[in-house]
Amino acid sequence: MIRSMMRLSVWGVRSRRQEIISELFSLGVLHLDEGEGALRGDDGTLNGLRLLRGRVLGLVEALGWDRWDILKDSDVDKAVQLFSDLPPGEFVPEISKSLDKFSTRLSDLQEGLAGDEDTLSKLRKSLDLLSRFSAFFQRWEDPSRESYITLWWIPPEKIPPFLAAVQNDLLSRGREDFGGIDHHFVPGREGPGILSLRVPQALAPGISAIAVREKALPWRLPECCDQEAPESSIPTLRAAVDELDLRINSIKNDLSENSEEWGPRLAALFLFLDEKTEQAAVEARSETSDNFFSLSGWIPEDSLLTTEEALKTKFGKDVLLKCRLPGKDEWKDVPTSLKNRPFFAPFEVFLKLLRPPSYIGFDPTTAVAVFFPFFSGIMIGDIGYGVIIFLLSLGLKRAKRPVLRDVGSILLIISLWSVLWGAVWGEFFGDIGHRLFYLRPLWLERSEGVLPVMIFTVALGAAHVVLGLLIGIWQGIKNRHAHVWMEKSGNLIILGSLFGFLFLLMSEFPRGLFSIPVSFLVIGLVLLVAGGGIGGVIEALGSIGNIVSYVRIAAIGLSSAILALVASKFLDVFGLSILGVFLALMIHLLNFVLAVAGSGLHSARLHYVEFFGKFYSDGGKNYTPFQRRSGSSWKKR
Amino acid sequence: MEKALIALAAALAVGLPALATAYAQARIGSAGAGTVAEKPETGGTIIILEAIPETMVILGFVVAIMIILQLA
């Protein structure tokens, strides 16, 4: 049912504007007009709040905290209590000051961590590289220190000329006794690699000049061990890596503790600031004079009394309320709020996939609550499957998320219809009920009575479509849209005349009676064209297709029944062996999933296309009252 | 031979519309995925559009059943 809305205007003394708006926020029933007027009289408070809100959110993200789902209203209330006595102009600077210290410390930690991680990465690369030379270093350990190891970046093709140049230099210095140039090369992934050379100390001054000539670059050790020789630096490097690792872990632990401690507090602070920002935005948008302010919006009629009482009690003569019903020209602006009994309320989820119905439209929730489980139950039509769905629904009804609880409620009703139609078709996990308990159908078996079931579902479709048309006619009359009720009436009369034709064809009534449905057909056509034009004629033809579309209920039900029979056939072929039972169970599992998913999807489709198409007018606006958001939807925007 | 042809007719009556439905739904589905990625609020409309071509295969199934019943 679509709730009746009233246009509420609130006037108040300007000095108490913030309080009044805060109270309206707490009451949470007033849907304010979007972007009503430009921002007026914003003294920088709104901008300050927005900046601070953004800053707090940035800190939450910098901490890497993302557990918004564990936050409760009570956490936000604590933040509210801390600052409730201060106006935004005072608490914004206070909070900013305390955040300065926190964010400085946090950024120091994070910068330190980034630097250390970078250094650790370089140390590890150096250690890895030197480890690949360790065999070479050990082979040429020289206690006399007459030679030393050097490391060079050099492309592979430059190695022979480089070695030749070094050899020549050795010879020119009269060091034929040194022997060949001992070297080891570790290629890089692409391009240059590292060449390690053992050269005599005497060559030390000249080696750099040779390297420059041969386009080789010196490979330097990290700072922590640049005073050591490469061959003796490995233990020092390892110690440096271990120490840095420990330091990094310590910083990470520190950050993690900060995140656990401050993340929820900052998140609650963000939500508090978000609320205050929203209230400040409303304040800035309100119409103001020197002494008074006003704002307007839509309020459900059933909430009007409590709102008036609450405001009058708290503010007395400082607030004035005026309300009225919406005019005809305002219907398109009125938000749509649905309110249904608890039994039907879970089915409102089907309307969430569409735009809300217009304020003067029809809320189809009750009709969906009646027909959706009914159609699904016909398609599933198995006592065993119905019992499993029932157990599943009981589990879902205990879920924390409201959507899952709604799905549980819907499945519960589907399960009851599935069991009922399972008794009608005589199915309990296919024909296992018949085999074990001699279960007989109350009407017929789906796999054998295909045509009667198809005729039944088409008749069901006709009734459903006719109901849709009747609702459309009623809407047209109620809203005084003559073309709507004329078109729907014409459509209905044409369908009725077609049914009359069929009835007369199949019966033994005299052929003279055919003139009755012909007359109605003509009347229907006239109404249809008058109301809907040529489009109406196409719509009427489409209605016939819509009715035939309901045969899918029989088709999907039949496929489910036959698949269940196939499962039993596996038992016939393999007997009561492990393989036979396993295969039968797998087929039943597949059938169950297909039956539940298929029945839900096709029932929904029949409603969305065939049923809603006859009367549903969307174009409504969502009812979003000015209130605290709850649940995961309050996450950062 | 006649029964075989009737059975073949029933198979074609449901198979060809099934192919057509699959082709239509493939095109709608891929376009719909892109639409929903840009505008999540159109999800409901896309689901409805995705389900519309199924009427072809349902009607093909009806014809196939009627043919099979003749065979029986």
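This is a predicted model: local features need pLDDT of at least 70, side-chain atom pairs count only at pLDDT 80 or more; totals for chains, interfaces and linings use all residues.
The largest cavity takes the biggest share of its lining, 4 residues, from helix H7 (residues 234–285) of chain A.

Two packed helices are described by the angle between their axes and the distance between the axes. For H7(A) and helix H2 (residues 45–63) of chain A, the angle is about 160 degrees and the axes are 8 Å apart. Angles over 145 degrees count as roughly antiparallel, so that is how H2(A) and H7(A) run relative to each other. The crossing of H2(A) past H7(A) is left-handed. In this contact there are 17 nonpolar residues, along with 4 polar and 4 charged.

Next, the second largest pocket. It contains about 640 Å³ of space. There are 20 lining residues, and A:Val458, A:Ala459, A:Phe499, A:Leu502 and A:Ile547 are the closest to the centre. Which elements give two or more residues to this lining? From chain A they are helix H13 (450–478), helix H14 (482–506) and helix H15 (515–549), and from chain B helix H3 (54–71). By class, the lining of this second largest pocket has 20 nonpolar residues, with no polar and no charged ones.

The axes of H13(A) and H14(A) come within 8 Å and cross at roughly 155 degrees. That angle makes H13(A) roughly antiparallel to H14(A). Here too the handedness is given: H13(A) passes H14(A) in a left-handed crossing. On the H13(A) side, the residues in contact are A:Ala462, A:Val465, A:Val466, A:Leu469, A:Leu470, A:Gly472, A:Ile473, A:Gly476 and A:Ile477. They meet A:Val484, A:Trp485, A:Lys488, A:Ser489, A:Asn491, A:Leu492, A:Leu495 and A:Phe499 of H14(A). The class count for the contact of H13(A) with H14(A) is 12 nonpolar, 4 polar and 1 charged. A:Phe499 is in this contact and is also among the residues closest to the centre of the second largest pocket.

The last pair is helix H9 (residues 365–380) and helix H11 (residues 402–425), both of chain A. Their axes come within 7 Å and cross at roughly 45 degrees. H9(A) and H11(A) are therefore oblique to each other. Is their crossing left-handed or right-handed? For H9(A) and H11(A) the crossing is right-handed. H9(A) brings A:Phe372, A:Pro373, A:Phe374, A:Ser376, A:Gly377, A:Ile378 and A:Ile380 to the contact. H11(A) brings A:Ile410, A:Ile413, A:Ile414, A:Trp417, A:Ser418, A:Trp421 and A:Trp425. Of the residues in the contact of H9(A) with H11(A), 11 are nonpolar and 3 are polar, with no charged ones.

Conventions:
Residues are numbered from 1 along each chain as its sequence is written. Chains are lettered from A and ligands numbered from 1 in the order in which they are written. Side-chain values use heavy atoms; hydrogens and water are left out. Axes are lines fitted to C-alpha atoms, for helices over the stretch in contact, and angles run from 0 to 180 degrees between N-to-C directions. Angles under 35 degrees count as roughly parallel, over 145 as roughly antiparallel, 65 to 115 as roughly perpendicular and the rest as oblique. A crossing is left-handed if the near helix is turned anticlockwise from the far one by less than a right angle, and right-handed if clockwise. Contact means heavy atoms within 4.5 Å. Ala, Val, Leu, Ile, Met, Phe, Trp, Tyr, Cys and Pro count as nonpolar, Asp, Glu, Lys and Arg as charged, and the others, Gly among them, as polar. On a 1 Å grid over the protein atoms alone, a cavity is a set of points where a 1.4 Å probe fits but cannot get out, and a pocket is an open set with protein on both sides within 12 Å along at least five of seven lines; lining residues have an atom within 4 Å of a point. Grid points are joined across faces, edges and corners, and a volume is the space filled by probe spheres set on the points.
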